[in-house]
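Biologist: Let us go through the labels on this model one by one. For each, I want the value, the cut-off and the conclusion.

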Amino acid sequence: DAFSAKASASCVDFNYTFAVKGDIPLSGNGTGTVKGGSFHVSGNGIDIWCDGRNRWTVDKDAREVIVESVDGAEDSYAVNPALFITDLSASFKEVAAGSDVFRGKTYHCVKLAPKVSGSITGLKLFFSGNDLKAAVVTLKDGMVTEFELSGVTFSDTKKAFTFDVKALDSTW
């Protein structure tokens, strides 16, 4: 609750690594900024911008931009991961809390379950004090994704969370 309250009133910048566990493992890293329901995440050659209503997924190597609406999404956390940082209590309930190990380190772990059925079936958040250090997301199909955060800072910085597609040339 303390982390969510601080995050919902601030612009949160962070570095992340992720690892998808499954038949075809995938991993990567990047940076992110979250403010309310808006975010910008950059990593593995992809930039994702979201102003809370629209999302722009930018692949500079492929010179492609996918523009999507995020309004009325069936599973809002799947299309707007900023909500994991700023609005968890709206869609998740705490089912357990205590010590747990993530990548060899012991943290305070809060296990959450969705209030409404969707693609996410479980969420574990790992804290050191009030600092979020990692998260493990389990999906309905059994896929598990681990996230580790570092360099988390909170500020009152004003940032734009839109992508200007009009600035792109005709090769896009």
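Biologist: Why is Phe154 called partly exposed?

Modeller: This is a predicted model, so the value is computed from its atoms. Phe154 has 23% relative accessibility. Buried would need under 20%, and exposed over 50%. The value falls in between, so Phe154 counts as partly exposed.

Biologist: And what makes Phe3 buried?

Modeller: Phe3 comes out at 7% relative accessibility. Buried means under 20%, so Phe3 qualifies.

Biologist: How many aromatic pairs are there?

Modeller: The count is seven. Phe3 and Phe154 form one of them.

Biologist: Is that pair stacked, tilted or edge-to-face, and how do you know?

Modeller: The ring centres of Phe3 and Phe154 are 5.8 Å apart. The limit for a pair is 6.5 Å, so the two rings pair. Their planes stand at 70 degrees. Over 60 counts as edge-to-face, so that is the label.

Biologist: What does this pair tie together?

Modeller: Phe3 sits in helix α1, residues 2-8, and Phe154 in strand β11, residues 144-155. The pair therefore ties together parts that lie 151 residues apart in sequence. Ring pairs also link Phe127 with Phe3 and Phe154 into a cluster.

Biologist: Why is the pair of Trp49 and Phe163 called tilted?

Modeller: Their ring centres are 6.4 Å apart, within the 6.5 Å limit. The planes meet at 40 degrees. Stacked needs under 30 and edge-to-face over 60, so tilted is what remains.

Biologist: Where in the chain are these two residues?

Modeller: Trp49 belongs to strand β4, residues 46-50, and Phe163 to the segment after β11. They are 114 residues apart, and the pair links distant parts of the chain. Both Trp49 and Phe163 are buried. Trp49 is also the bridge partner of His40, where strand β3 (residues 38-43) pairs with β4 in the antiparallel sense over five bridges.

Biologist: How many disulfides does the model have?

Modeller: The count is zero. Take Cys50. Its closest cysteine sulfur, in Cys11, is 14 Å away. The cut-off is 2.5 Å, so that distance is too far for a bond.

Biologist: Are Cys50 and Cys109 buried or exposed?

Modeller: Cys50 is at 0% relative accessibility, so it is buried. Cys109 is at 2%, so it is buried as well.

Biologist: What makes β7 and β8 count as paired?

Modeller: Ten bridges join β7 (residues 92-102) to β8 (residues 105-114). Two bridges are enough, so the strands pair. They run antiparallel.

Biologist: How is β8 joined to β9?

Modeller: β8 and β9, residues 120-128, pair over five bridges, again antiparallel. Leu112 has Leu123 in β9 as its bridge partner. Five residues separate the strands of this hairpin.

Biologist: In what order do the strands of the sheet lie?

Modeller: The open sheet has eleven strands, ordered β6-β5-β4-β3-β2-β1-β11-β10-β9-β8-β7, with antiparallel pairing. β6 (64-69) and β7 are its edge strands, since each pairs on one side only. Neighbouring strands are turned by 20 degrees against each other on average, direction ignored.

Biologist: Where is confidence lowest and where is it highest?

Modeller: It is lowest in helix α2, residues 76-79, with a mean of 58, and highest in β8, at 95. The chain averages a pLDDT of 87, and 90% of the residues score at least 70.

How values were computed. Residues numbered from 1 in each chain as written. Predicted model: local features only at pLDDT ≥ 70, side-chain atom pairs only at ≥ 80, totals over all residues. Heavy atoms only, no water. Buried < 20%, exposed > 50% of the residue type's maximum accessible area, 1.4 Å probe, protein only. Helix = DSSP H or I, 4+ residues; strand = E, 2+ residues; numbered from the N terminus. Phe/Tyr/Trp six-rings, centres within 6.5 Å; stacked < 30°, edge-to-face > 60°. pLDDT = per-residue confidence, 0-100. Axes fitted to C-alpha atoms, helices over the stretch in contact; angles between N-to-C directions.
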